[in-house]
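I opened my notebook beside the viewer today. Here is what I looked up, entry by entry.

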Amino acid sequence: MTETVRKATHDEVPPLIDENCDKLVLGSMLSPKSAEARFYYAHPQNRFWTVLARVFGTEPSTDSERRKDLALSNRIALWDVAASCDIFGAADNTIKNVEYNDIIGLISEYPKLTRIFTTGGKAHELLMRYNKAAKNEVIARAVRLPSTSPLNCGTSLDKLIAAYSVLRY
């Protein structure tokens with residue numbers, strides 16, 4: 001089967017957030033598996049939820065409700081930089097024609113969001129491109145974390161856990 005460029009949209013997956021969140025973790029765009037599951041980092045080989053569970057000393061789960069509780073109970077909101085884009089499969093390096101999510105609006109609506117983290121280089125690059133026009137201080141201080149994607153197999157689980165430990169504070 002040959003993959004083709006798909007028009008990826010974020011229409012049916014809102015930000016995972018509540019009024020207590022003070023950290024926003026941004027990916028680039030939902031993978032096909034995440035879009036299908038309508039939940040963040042749903043690809044079974046993505047290490048995001050394993051890393052987050054280890055950072056917070058809990059057992060990893062494949063249950064979306066438990067994952068949601070893990071993020072929100074640790075004041076972590078999840079969203080993506082892109083609202084829509086053209087992308088080949090789930091390969092971030094093929095992202096084109098980006099329409100951005102309203103990250104400034106989210107920060108305004110949830111004023112406790114004072115720290116932003118990106119999951120990988122493309123998410124960070126897109127966020128900084130978005131912020132060229134927005135010129136938002138919170139966005140300007142965003143911290144790039146390594147990608148937990150299965151495509152980033154060169155970064156060990158231990159290194160990911162160490163990097164993501166900044167989310168504890």
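My entries on salt bridges, the pocket, cysteines and backbone angles follow.

**Ground rules.** I am working with a predicted model, where local features need pLDDT of at least 70, side-chain atom pairs count only at pLDDT 80 or more, and totals for chains, interfaces and linings use all residues. Residues are numbered from 1 along each chain as its sequence is written, and side-chain values use heavy atoms, with hydrogens and water left out.

**Salt bridges.** I searched the whole structure and found 4 salt bridges (a side-chain nitrogen of Lys or Arg within 4 Å of a carboxyl oxygen of Asp or Glu). Three residues, Asp 22, Lys 23 and Arg 75, are linked in a network. In it, Asp 22 pairs with Lys 23 at 2.9 Å between the closest N and O atoms, and with Arg 75 at 3.1 Å. Asp 22 sits in the loop between strands E1 (5–9) and E2 (23–27), and Arg 75 in the loop between helix H3 (64–73) and strand E3 (76–80), so this pair ties together parts 53 residues apart in sequence. For helices (H or I, at least four residues) and strands (E, at least two), I use DSSP runs, numbered from the N terminus.

I checked accessibility too: buried means under 20% relative accessible area, exposed over 50%, and partly exposed in between (1.4 Å probe, protein chains only). Asp 22 is buried at 18%, while Arg 75 is partly exposed at 34%. Lys 23 is buried as well.

Another bridge joins Glu 125 and Arg 129, at 2.5 Å from N to O. Both are in helix H5 (residues 121–134), 4 residues apart, so about one helical turn separates them. Glu 125 is partly exposed at 36%, as is Arg 129 at 41%.

**Largest pocket.** I noted about 680 Å³ of space in the largest pocket. Its lining has 29 residues, with Ser 31, Ala 90, Ser 149, Pro 150 and Leu 151 nearest the centre. On a 1 Å grid over the protein atoms alone, a pocket is an open set of points where a 1.4 Å probe fits, with protein on both sides within 12 Å along at least five of seven lines; lining residues have an atom within 4 Å of a point. Volume is the space filled by probe spheres set on the points, which are joined across faces, edges and corners.

**Cysteines.** I found 0 disulfides (pairs of cysteine sulfur atoms within 2.5 Å). Cys 21 is buried at 1%, whereas Cys 153 is exposed at 66%.

**Backbone.** Asn 97, in strand E5 (residues 96–100), has a positive phi near 55°.
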